[in-house]
Structure formats: structure tokens, C-alpha cells
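Subject: A structure for you to look at

Hello! Please open it and follow along as you read.

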Amino acid sequence: MVGIDLANRWSELRLDGVAGELVGPAGGAGPVLEGLLRRAAVGASAEMLGAARRCLDMSVGYAKVREQFGQLIGSFQAIRHRCAEMLLEVEKAHAAVYYAAWALSAGAEDAAMAASVCKSFVSEAARQVCGDAIQVHGGIGFTWEYDLHLYFKRAKSLEVQFGDAEYHRELIARHVANS
């Protein structure tokens, strides 16, 4: 299968002829699948965090060497502010990912909530940071000669996997309503 992220392989799995076959007790798969999806969502969030952090690093490095109008673009207030805001988003996403991963591995009471908060926040933060990185770089940021677009596409494809931000906010609302 082909997706927007050409650096990632996609496959389709068909389970023909397995209707009616049970693995374990009837109705017992729900909690197992929910746990797996939580872990996958946090894993995807960690990868999006890595993409966002790399985009930030590339942007700061580029701002230090790219000249425009006889000055380094890093000397322009708009670029400095954009990079500072990118750093804030990356650091907040870092905290969300690390807490959710700890909560899941420790079996914390709020692990499900932490996983959903993580996925919903990091999805949007990675989109913002990677998009801002493209803006800092200008036209070169989305060319095949420069790797920035690879991180952007990876983050974008992970954004919807294992539930998008809206899906996870719905899970958070349900959890809060049932508490």
C-alpha cells in the first residue's frame, strides 16, 4: 500500500476464513485491545515527538547559517519567536510522552487518561512544530534535497494512527464524565 510517508512501509492484513474462531474467552479481547492501542498511541506520540524535535533542531541550525538581506535569518525577531514557540511545544510534548509512557509501564491509575492526553496533545504539537519548521526553511524545506519533509510527513501520517486528537479528546471526556 502507498501512503504519504514513502519512508514507511504499509501493509494490509486480511483474516479470511477466521470468522467464529476465538482466541481466549468470548468478550475478553476488548481490554487487551484497548491496552495495546494505548501503548501504540504513546509509541506513535514518541515518534512524533522525535520528528518535532528534529525539525526544531534543523530550524535552529538553518537560522544560524542562512542569510537574507545581508543578515542571518536567526537575527530576525519573527524567526527567533517562531523557534522559541517551537521549543515550548516540543518540551511540553516531551513531558506528555514521558509521563504517559511511565504511567503505562507502572500501571498507574491514570494511565488511560495519560495516554489519551499524550496522543491528543502531541499530534497537534508535532503538526505545529513541523509546519513551522517548513516556514522557517522556506522553499528548501519541502524539497527532496533536504530531509525536513520526511519528518513532516512521518509526523503527519502518525497523527491519525491509533486515534486522532479528536478521538482521544472524546476518550478523555468520557473518562471525566464517568469519574
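Let's start with helix α1 (residues 29–65) and helix α4 (residues 148–159), which pack at an angle of about 155° with their axes 9 Å apart. Here an axis is a line fitted to C-alpha atoms, for helices over the stretch in contact, and angles run from 0 to 180 degrees between N-to-C directions. The angle makes α1 roughly antiparallel to α4 (under 35 degrees counts as roughly parallel, over 145 as roughly antiparallel, 65 to 115 as roughly perpendicular and the rest as oblique). Their crossing is left-handed, a term used if the near helix is turned anticlockwise from the far one by less than a right angle, with right-handed used if clockwise.

Which residues make this contact? On α1 they are Ala44, Glu47, Met48, Ala51, Arg54, Cys55 and Met58, and on α4 they are Leu148, Tyr151, Arg154, Ala155, Leu158 and Glu159 (contact means heavy atoms within 4.5 Å). By class, the contact of α1 with α4 has nine nonpolar, no polar and four charged residues. Ala, Val, Leu, Ile, Met, Phe, Trp, Tyr, Cys and Pro count as nonpolar, Asp, Glu, Lys and Arg as charged, and the others, Gly among them, as polar.

Helix α1 also packs against helix α2 (residues 77–106), at an angle of about 155° and with the axes 9 Å apart. That makes α1 roughly antiparallel to α2. The crossing of α1 and α2 is left-handed, and their contact holds 18 nonpolar, four polar and four charged residues.

Next comes helix α3 (residues 111–137): its 27 residues reach 38 Å from first C-alpha to last, close to the 39 Å expected at 1.5 Å a residue (the expected span is 1.5 Å times one less than the number of residues). After α3 comes Gly138, with a positive phi near 70°.

Now for the whole protein, which has five helices and two strands, in the order α-β-β-α-α-α-α from the N terminus. Helices (H or I, at least four residues) and strands (E, at least two) are DSSP runs, numbered from the N terminus. The C-alpha trace spans about 70 × 40 × 25 Å along its principal axes.

A word on confidence: this is a predicted model, where local features need pLDDT of at least 70, side-chain atom pairs count only at pLDDT 80 or more, and totals for chains, interfaces and linings use all residues. Residues are numbered from 1 along each chain as its sequence is written, and side-chain values use heavy atoms, leaving out hydrogens and water. The mean pLDDT (the predictor's confidence in each residue, from 0 to 100) is 91, and 96% of the residues score at least 70.

Happy exploring!
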